[in-house]
Structure formats: structure tokens, C-alpha cells
Amino acid sequence: MKNYKELPFWKKSINLAVEIYKLVKLLPKEETYALSDQMRRAVVSISSNIAEGQGRDSTKEYIYFLNIARGSCFELGTQLQICRAINYLNEEQVSQAFSLLDEIGKMLTAVINKLKLKSN
């Protein structure tokens, strides 16, 4: 297995984290401990779970942590949708984040499916 720092979806998740940290700075101050905090936690969870899973001893554990990372992608996507729906952020502001989320989600799904086939 590769080092997690070499994984393309981990690298993209770091880029996504940078993007989300920029976006949450645009949210109203009253969201500091609500929506923006949740968004930061979700985006950090993606790269962290990829790394943790890669460091585990078994394929089964790796798949488990990749699934958590994938779930955090869905969580973050929902939070971005909420920001857009209540006009905290506009389409132009969130387009890069949604693009990265889509790429990461597809990559995670492909790796999870490949690892499941290999482990059977």
C-alpha cells in the first residue's frame, strides 16, 4: 500500500479543507459555533479518516475508515447546500468545493469497491 500522503484522494481532501476554511470565513459571526464549526469538523474528518484507515492493519479496517470519510463528504455537501439555500454563500463561491467533493466521493467509492472485491 502507498503512504496516505501519496493518495490522490487524500491530496484532494487537503485542497478541499483549505477551500472550506476559506468559505467559513465568509459566514456570519453567529454561525461560528454552529454551521461553520460543523463544516470544519466534517472536512477535517475526510482527510483524517483516509490517513487513519491507511495506517490500520487490515483491509477491513481501511474500508471502514474510507466509508467514514465518504460519509463526511455527504455531510459536508449537505452543509454547503444549507449555506446556499439560506444565501450565506452563492453558487460561484461553493462551486469549487462541490467539484472537489464530487471527485473525492467518486474516488473513495472506487477504492472501497476495489478493496471489497480484493478482500473477498
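Predicted model: local features only at pLDDT ≥ 70, side-chain atom pairs only at ≥ 80, totals over all residues.
Which residues line the second largest pocket? The legends below answer this and describe other views.

View 1. Local features need pLDDT of at least 70, side-chain atom pairs count only at pLDDT 80 or more, and totals for chains, interfaces and linings use all residues. Residues are numbered from 1 along each chain as its sequence is written, and side-chain values use heavy atoms, with hydrogens and water left out. Along the sequence the pattern reads α-α-α-α; helices (H or I, at least four residues) and strands (E, at least two) are DSSP runs, numbered from the N terminus. The C-alpha atoms fill a box of roughly 45 × 25 × 20 Å along the principal axes. Among contacts (heavy atoms within 4.5 Å) between residues at least 6 apart in sequence, 72% join residues at least 24 apart.

**View 2. The second largest pocket has a volume of about 150 Å³.** Its lining consists of Arg-70, Cys-73, Phe-74, Phe-98, Leu-101, Asp-102, Gly-105, Lys-106 and Thr-109. A pocket is an open set of points on a 1 Å grid over the protein atoms alone, where a 1.4 Å probe fits, with protein on both sides within 12 Å along at least five of seven lines; lining residues have an atom within 4 Å of a point. The volume is the space filled by probe spheres set on the points, which are joined across faces, edges and corners. Helices α3 (59-85) and α4 (91-119) each supply at least two lining residues, and α4 gives the largest share, six residues. By type, the lining has four nonpolar, two polar and three charged residues. Here Ala, Val, Leu, Ile, Met, Phe, Trp, Tyr, Cys and Pro count as nonpolar, Asp, Glu, Lys and Arg as charged, and the others, Gly among them, as polar.

**View 3. Tyr-4 and Trp-10 form one of two aromatic pairs.** Rings of Phe, Tyr and Trp (its six-membered ring) pair if their centres lie within 6.5 Å, and planes over 60 degrees apart count as edge-to-face. This pair is edge-to-face, at 5.2 Å centre to centre with 80 degrees between the planes. Tyr-4 is partly exposed because its relative accessibility is 25%, whereas Trp-10, at 16%, is buried. Buried means under 20% relative accessible area, exposed over 50%, and partly exposed in between (1.4 Å probe, protein chains only).

**View 4. Tyr-64 and Phe-65 form an edge-to-face aromatic pair.** Their centres are 5.2 Å apart, with 90 degrees between the planes. Tyr-64 is exposed, with a relative accessible area of 51%, and Phe-65 is buried, at 9%.

Note on methods: Phe/Tyr/Trp six-rings, centres within 6.5 Å; stacked < 30°, edge-to-face > 60°.
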